[in-house]
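Here are a few notes to go with your first look at this protein. Have the model open while you read, and take the points in order.

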Amino acid sequence: MKKNNNENRNPASAEWKEYRRLAEKILARNTETKGAPGPKESAALIHELEVHQVELELQNRELQQAQLDAELARHKYFTLYDLAPVGYATFAPGGAIQEINLTGAALLREERKDLIKRPFQTFLGVDDNSVFNHFLKNIFSEEAPQRCEVTLKPKRGYPARLRLEGGLSEPVVGEGLKCQVALLDLTEQKQAEQALRESRERFETLVDTIPDISFEADGAGNITFVSRQWTVFTGMTFEETFNRGWMKALHPEETEAVIARRREALQNGEFAEERYRLRAADGSYRWFLVKALPTRNETGKVIRWTGSLTDVDDLIRTQEALRLRESELNLVMDAVPALIAWVDLEGRYRQVNKNYADWFGRSPAEIRGLHMRDLLGEVQWEAIQGYVERALAGESVHYERQLPYRGGESRWIEATYTPDFDERHRVRGFVVHVMDIEERKKIDKELNDSRDDLNRAQTVAHIGNWRMDIRRNELFWSAETHRIFGIPPGIPMTYETFLSAIHPEDRATVDRQWQEALNGSPYDIEHRIVVAGREKWVRERAELEFDPEGALSGAFGTVQDITELKAAEEAIKAARDELELRVQERTVELEEANRHLAEQSRILESFFKDTITPLVLLDRDFNFIRVNEAYARACQRAVTDFPGHNHFEFFPHEENAAIFRRVVETGIPYQTFAKPFEYPDHPEWGVTYWDWILTPLPDDRGKTAFLVFSLEEVTDRQVAEEALRNSERQLRSLADHLLYAQENERKRIARDMHDSLGASLSALKYKMEDLVHNLSARDSGKIEETLGSLIRIIQDTIGEARRMQNALRPPLLDDLGILPTLSWFSREFQKRYPGIAVEQRLDVREEEVPELLKLMIFRITQEALDNIGRHARTAQARIYLGKEKDLLRLTIRDNGAGFDQKEIMNQAGELKGMGLSRIKERAELSGGAFSLKSSPGQGTVIEISWPLNRRGEVSNNGQH
């Protein structure tokens, strides 16, 4: 500063010469008016004094102009001060308000004129008074910036929460110490934080009430959240589960396979679904269906996995049991010595067993879908058409007739048509049960002849027969037995009823003999009965019957009225035993097969009826065989609307038809997720989304015979996910616009400071220096010292204004562009850190850098180099900016201390450091991909790449 003052006083300086020239010009004009001077010496002295007077007048006018400019600058400053969006106030040491802007007065709900010299404590409660007093005390005692939070007393329904940030003001001569404080309104922020906490609590409550286990993991698959159901099931705490601790619950046999599949899913970054077993708290293992859905950022990188674990142990066991039952059912149907088929409402075969197909010399697959007329022929169809119509009307039909056999001969058959009803008791088809009775007919003829003889013999010999179901305690008597005992047919018969007909004196003996017979003793007894008050003698014999497991199930016996015909007992018994044995064998075999078939049908019926998942059973030609109620509800149709129709008759869809054909041809199941579909008959429903599985069911030759189609509508889930994605895009767009608005405001303030404040201060500085130079010698000591200090303050203010202007927005960036700005900043950086050499490589032309990225590139470079200067402990930094095909790449590296990347990441996988996090945020908001590489002792590399389209604009930054 002293050097500059000396230069300004130098009469040879350009400024001094200009003042001298103007003063002499004005004096010459005045001299011409006054006339010639006196003696030479007086004239020279007067001339010098007059010149100096004119100089002082010129300087006085310039000083007045500088004062006017300073007043204008002060007016602009106070305008900015009052209109600032943040409250500002100046406090005395006791808390009295000295100055406050309009925003601060609005926060206190008072007029500004009423606030001056009022203690700020009057606006606070007791507890917050102590906080504010401590805040002031620290500012004035420690002379360092301080921060605190206080709550204003409620006024006009407005209990505002404020953050106070401030420090000491520059001291002013004649005034006491003051501090300047910013008043930041935190009310909305606190409300948002409270709403966020409440939302999080609601989310966790909702997740904990879901029976499934919910979880979240970071992009690397490490667990970051798990619902309460996990702890309930496994007994593991969150700390034990965190990261990869959950794998301790895996079944040892599956750990290696699960890790491999998990690694593959993380590499692919696609939706994952698998099943594996987990250990429960009691040590048992259960099967779980695990689904995991990735969440990506705008660059496509997976940043989070969200999933669920569903206990499917019971379902897997049920499915396994169902498959076993279906296999057993098919085996039973094929093993049953009968022809079995299922015919739909149109008279077409939908299912036949092997015996049915063999009868006609065809395979089951060839018969399925044929009409009965096409298989049986026109003659046979006309003969049985009436029976079919009766069955489809809901009537059970039984008939016998001759049916052509595959060799051309005709054989006798016994056919039963049993209607098949749905849950609404509507006929959906009928079951055909055909027995080959050709041999039986022959036997029946012989038997009828024998029966005629037997009936005549029973009538003559008075012999009847009976059967007993021991488990149910039911007796079945022949007509002759009823006649012998004198009990009319139709009366329910039990063992007790039988005993009541025995002569009272013989009842104990008969009962004892029967009990012994149940334990294995023969039952052949003669006893008396009482019929209409008259005694009759009968002879009874019985044989016990056992089920396949060897348990006693029943007995068969005869009763003979031996009152008159006892002599014929042996001959009739032999004929009767032979006949009944043959009938018994065939009857037991048929009853057992029918019972097993009925049980399997009941289980399958129950599963199809009760499951809440929409299910469809189709034949290989995609014709509906059966649908459950859940599927019918989803289509808003009745269950009976589907059988007899083709799937693509109702829901035409070329892509799905191709998928169905491929599953039939390959036998490989197909699964899809969130597949869009629009109902052709209900366009008003709009597009719906479905998860569905198409499973082929092979026949005994391995060819697809049926298709099981299961679906789940996920339209609500898809809509919610799309809404979430739209919300994220809108939030990112808002953040991007806010960032650019901030930079534009910085640019405006910097321009105003340069154009107004900087220029005014410079003019004031030059005028003050000239005034110091032209002061008289007698005053120069004290006034020069005072004005010299003012000049130094102005000089420092100019420097500070320029520094603030460059920090807010470098003018060079707007005037020359990004490339000169980077070179200028590198030189400025080396001035601040002379021990660090900056090497630049700028392989791009100025016009190739999009205008929207220039400021972002400068801010990122500025932040990165500041980090290097403060933390890297390096001797060299390198900057690279270049265009590579359709990418604009910025790389900043150093060979300094580096760091462990894991230590600067928080639990959510985000950067903890403010500098690095700001660089990452700026890069991603501008559409770039951020990359960071560092390790201890190996330096740090920051790389950002922006994809460019053919117009040279950022291609994936939709906000611009």
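1. A word on confidence before anything else: pLDDT is the predictor's confidence in each residue, on a scale from 0 to 100. You'll need it here, since this is a predicted model. Across the protein the mean pLDDT is 80, and 80% of the residues reach 70 or more.

2. Go carefully at the start of the chain. Over residues 1-12 pLDDT stays under 50, though the model does have 22 contacts beyond four places in sequence for this stretch.

3. Now have a look at Asp-866, which sits in helix α28 (residues 851-872). Is Asp-866 buried or exposed? Its relative accessibility is 16%, so it counts as buried, the cut-off being under 20%.

4. What does Asp-866 touch? Apart from neighbours within four places in sequence, Asp-866 is in contact with Phe-825, Phe-829 and Arg-832. With Arg-832 there is also a polar contact, side chain to side chain, at 3.3 Å.

5. Finally, the surface. Phe-271, Leu-293 and Phe-673 make up a nonpolar patch there, and together they have about 230 Å² of accessible area. Phe-271 lies in the loop between α9 (255-268) and β8 (272-279). With a relative accessible area of 32%, Phe-271 is partly exposed.

Methods. Residues are numbered from 1 along each chain as its sequence is written. Side-chain values use heavy atoms; hydrogens and water are left out. Helices (H or I, at least four residues) and strands (E, at least two) are DSSP runs, numbered from the N terminus. Buried means under 20% relative accessible area, exposed over 50%, partly exposed in between (1.4 Å probe, protein chains only). A polar contact is a pair of N or O atoms within 3.5 Å; within protein, one must be able to donate a hydrogen and the other to accept it, and residues adjacent in sequence count only if both atoms are side-chain atoms. Contact means heavy atoms within 4.5 Å. Patches are made of residues with over 30% relative accessible area and no salt bridge: like charges are joined within 9 Å, nonpolar side chains (Val, Leu, Ile, Met, Phe, Trp, Tyr) within 5 Å. Accessible areas come from the Shrake-Rupley method with a 1.4 Å probe; for residues, only the protein chains shown count as cover. A salt bridge is a side-chain nitrogen of Lys or Arg within 4 Å of a carboxyl oxygen of Asp or Glu.
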